[in-house]
Every structure is written in C-alpha cells, then in structure tokens.
Amino acid sequence: MKKILKNISVLGLAALALVGCEDMFTAENELVTSDLEPQDTLYQVMGIVQRMEKLMTRTVLFGEARADLVDINDYTSKDIRQLADNAVSLDNEYNNPTDYYAVINSCNIYLAYVDSLLTTHGERYFEKEIAAVKAYRAWTYLELAKIYGEVPFITEPVETSAFAEKVVSEYPKRGLEFICSYFIEDLKGYPYIAENNSMIPSYAGTYHNESYRKFFIPARVMLAELYLWRGSCTQNRQDFIEAIRMYHDFLSFANEEHPLGTDNVTWQDANFKNITDNYSNRFKYGKEQITAIPMDTIECYGHVTDLRAIFNSSYKNNYYAMLNPSQRIKEISREQKFCFYRYENSRADTLYAPDDVTKVEDAMEVGDLRLHSVYSIKSEKNLTHSEYNELRQKISKYNDVGNANNDERVFYVPLYRTTTLYLHMAEALNRAGFYETAFAVLKYGLDYGWNYQSYISNVELGELSTIVSYGIPSTYEGYSFLYWGDMNTTSQNYPFQVRRLNDPTFNQFDMMGVHSLGSGHSEVNKYYELPRNPEDWAEADAMYAVIDSIQEAFDEWYVDNPVPDDVNSDEYKAWYDEYEQEFNTPYKEAYEKYEELSNAAREKEKDVCQQFVTQKILDEEALEGMFEGQRFYDLMRQALFTGDKDYIANEVAKRKGVNGVCPAADNLRGGKWYLPLRSR
C-alpha cells in the first residue's frame, strides 16, 4: 500500500510487542495527527485502511483454520496448527489484538478531532469519511468480540500511557451483544439520509483494477451484520427483521442494485461429460466484492498477506500448501444433487448428474461443482529437487495471477461479497420466521415481477411488505417482497430477471438461486424441496382439488357460453349472474378455505421447515464461502441462536469426515470458542 499511500500521516497506535494488556492502548504521540485539514482527509482515512491490512491474514485464518472445512498437514506451521487444534497459545503470532486496537485508536482519534460540522455547498464536508471510519471501527470491534468473547472497550483516543493504564485498570470488558448494540446506535443515522454510494468516500483511482470505493464498508451492510449477530445473541425476532431491512435495502436500492448474477459452474449438456466454469469470474476484480482491503504484494513496500502460499502450492513453500480442503467440505459437496434442465423439440426433461464416483473422471464432479471450480490438485514431479511436493494444490480464490507456481501475493482480501450478503439475508429471513422466502433465496433467486405465490405464502408476503424502507416500493401486485429498482427511473423498469425455465426463449436474466451456482437448475430439482408431510396437507390438498374442479367446470361452460359482446345488455347480466352463482362465488369460498387450511398446515410444519432451511443455509454458506474465513463464525451464529454450547465442536468433529476422529473439536466443547486474551 505504500506505493499508493506514500507520505501519508499515519494515525493511531504503535504496533509494539504485546507484553501487557495496557500495551494494546499505548500510543506514540508523534504519530497522532489531530490537526485535520480538509485537504488531508484522504491521507488520514487511507492511513486507517493501511492499518486494516495487518488484520486480513488472521481474519481469514481465525474463521477458517479453526472450523471444519480445512485440515492441516505435516507442513502446516506451528501457529496455524494451533489454530486448527483450537489450542492457541498467548505467544501465537496471530493472537495479537494490538493490531486491532491500532485500527480502533486510529478511528477514535479521527472521530474525536474531525470537524463534523464543517459545511460546504450545503453539505457536511467530512460526512462520508466519518461514516466510513465508524464502519471500520464497528467491524474491528465485532471481530474482536467474535475472536475473544469480551474485550476492553474504549471509544476515546488513547494518546498517553497514563490514559492507557486507566483504560486497562478501570474500563470494563464488553461482549458481543453490547458491542453490536453500541455500534447499531452509532451507525443508525446514516442509511436514512443517503443512498448507499453517497455514504462511501468518493476517492478517485484504482489499485490493481479495484476502485478505491471498494475499500469501504457501506453503512447498511455493517448495520445488517450487527443486527444479524445481535439477533443470534438475543434471539430477538425484531433484530432479524432489522437485518432483513438493511440487507434488502442495500441490495435493491434504486439504481444501485446488486443482483446475484449468473456466473456459475455447470455441466455443458445432459451427457455430463464436460463442464463449463464461469464461477471463478465471481472472484475477479469488480465482480462480487462489496468491500475488499488492498494488500501490498512486495514486503518492503508495506503489509503483505501469505494467504496465497498458505492455501496454494508455490515455490516459496516447496509446493506444500499449509491448509487443505477437509473431508467434510468434500462430503458436503458430494451430498448435493446436480439437476440439469433440458428443453428440446417442445419437450422438457429434468435429469440428474451421476452420483457414483466411478462414473466420473474426478470425484469432485459428483454433486455440487463449486469445489471442483475452486480447488484442484495435479501431479508434477520435479526430478532435480526431491524436497518439492509432487502434488500441486490450487485454491483459485487466492490465485489472482492464475499460476500456481508463482509466488506473487494477492492484491486484496474481500470482506464482503454479494453472495455472502444474500446468504446472510436468508439466515435472517429464516430466523425471523420467513422460511419460505429464505429458501427461495437458495432455490429460485429473488426478483421483481416473478409470481412468488407459487412458493411463498401470502402470510409471509403480507408481513414482508411492511419491512422495506427508504421509499423503495415493496410489492408488485402482491407477489414479491423484494422490489428491484424504481419504476420511475428512465433506465430500466425491470433491472433484474430470474431464470424462467418454462419459457425456453427467455435467455436474459440476472438472478438465480444461490444453490444453482454449483448444483444446476435448483428451481426444478425434486430433491431440493421444503419438507412436506402429506397428512398435514391432506385437507388443504383436497380443497385445492375442489378449486381445480370448479375451474375445469367453468372452462367447459365457458366454451358453450362465451362472454356477450355488450356488457351493458340484459344478456350479459344473466351471463354474469350464472357465472357468479355457479363458479365465481364457490371458487372464492373454496380458495379462502384453502388459504385457511394451507396456513394451518404451514404452522404445523414450521419448526421442521425452519430446521431444514437452517441446515441448507449452512451447507450453502460452506459451499459458497469455503476458504474465505467465514465458516467458524457461521457455526458460531447458529450456536449462539440455539444456545447449544457443543454445536461448533460437533461440527468441527466432522472435519475428517462424519466417521473420522478430530481431537481438535474437544477443545471447543462447553462454549470454549474464544482465543485467550492476555491480562496484565
């Protein structure tokens, strides 16, 4: 970053060796810049971005190495091995909260000294930077709470060692719920006064093809995450509703929409012989990244990350990657059923890919194909260097330059991606009781103008229509809770379209179900359906048969009794009276009864369906987020929500497969999820 940040006045905290808790707050006064001139704000805020760089490697490792989707090997470093064993020592190189407090203190100093009331041309001059800095501070404290459970909490600048000592001795430690609540209040005002992009500093320029604007966390995204985490702690439904509101309004704000997109990995045809892989496009510059932290690629210039060498074979590590995909992620991938929809010669077929590893060239071609896209291993024997690994591993998420034999480091590390936000929104929907809509995110994709009544009840639609805010319309003819775009814009009235398989000529679409990114046409997959007990639905199904019989009778009657041309005639009145009495009235009564019976059936199956959707979301978060550092925290939210202190341990125990043995899981039992934090 010094290549683009040279001559920056760095704010904040000295990155000293951690010998006591008070050192987390020790500041070197000569590094503190409190004289903030308008022309210097770029340097001040980008100085905080530079401090964020030091957190990126451990952010990924804390969330990935400790969970169930990766495993260690004989070449894993001691410190990463400790993370994977969930037995982290105080001197572990990654267990250093000093760098987190460097970011926090830099933010605190900036917010204390910035002239928040300075106004030019009717606008608050520093408003965008203040929102960005507050979001950084909220993210950093949230990370600390996820890692350590409870941490010293300070929102004032620490500029002297005496004040640092006071913080350590007198200030209380705060946990996840408190931290979420504090920063919800701290950020809550920003989304209500501006569009998403208006609250991000509008710095020009790019870094390795990524806009500077991508370095910042949008206020709505940060608020949505805070509400999701607080709801997981409190089980308060209203928190999940607020999270839904924030995710929805960020993803669908008019003219700033974030469609899920359709870059997937799929079989080319029904022969299941060749694969078309566009999925890797999702990780390229400008595609899915909502927020990404830039990294230097040369060590002498600034902060670098070794994530590429940790996950990939390279010359630097003698081609021995330190972390490998676990048996668990391979099992989750194989458990999926790939569905292929074919429409030829006016005939539709729904086919399923082989689930027998002996019938495919690669075992990872069974089930979901995202692991096949992201992970590959090949044999490459080196006759001159026997110490080199002959098996070369490539994890494409950390392979920017496209060459597994290259030592160049990654240019940035994503914090939030579009698909991640859709999955988190599904999580909030499910926990708020909207399990049908949550499952629709996975199976169909959400889109303006699609008839949701085929799979989402009017009960859900009615309540969801009251959740959205900021002037974004919520419904279209009662069908959709997500309204994409503004009907009054001059650009597009229909910004997004979902895939409609019943119309083979319809090829333009921007949305699909998240599951379809790797499992084919999930919208017609009979193996990917909500559970349905026939006994619970017997009465509703019988009433639906009555509705069908009324419709069929009307269709036959209509052939012999077409609508009279003159609607003002006595003939039309007689026609309508007969229609109303014989067909329309009983149809309405039957439909109302069906709604009553179907809602009763849904209520009976609600708990079962919610549990089913919970597991499908967790599986999808694994398939989509593998190796990105999110898995441990996805499991943590579920454990917090259910109160099951052994849940994470039980999942990590599957690291070597459901029948394997993983002693590292035992260190997590009883809610022992947090790293040790030094005391004085």
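**Close-up 1. Where helix 9 meets helix 14.** Val221, Glu225, Leu228 and Ser232 of helix 9 touch Leu421, His424, Glu427, Ala428 and Arg431 of helix 14, contact meaning heavy atoms within 4.5 Å. These contact residues comprise four nonpolar, two polar and three charged (nonpolar: Ala, Val, Leu, Ile, Met, Phe, Trp, Tyr, Cys and Pro; charged: Asp, Glu, Lys and Arg; polar: the others, Gly among them). This is a predicted model, in which local features need pLDDT of at least 70 and side-chain atom pairs count only at pLDDT 80 or more. Residues are numbered from 1 along each chain as its sequence is written, and side-chain values use heavy atoms, without hydrogens and water.

**Close-up 2. Helix 14 beside helix 15.** Helix 15 covers residues 435-443 and packs with helix 14 at about 160 degrees, the axes being 7 Å apart. The pair is therefore roughly antiparallel. On the helix 14 side, the contact includes Tyr422, Leu423 and Met425, while Tyr435, Thr437 and Ala438 are among the partners in helix 15. Here the contact residues are nine nonpolar, two polar and no charged.

**Close-up 3. A look at the cysteines.** The structure holds zero disulfides, a disulfide being a pair of cysteine sulfur atoms within 2.5 Å. For Cys233, the nearest cysteine sulfur belongs to Cys180, 5.9 Å away.

Notes:
Helix = DSSP H or I, 4+ residues; strand = E, 2+ residues; numbered from the N terminus. Axes fitted to C-alpha atoms, helices over the stretch in contact; angles between N-to-C directions. Parallel < 35°, antiparallel > 145°, perpendicular 65-115°, else oblique.
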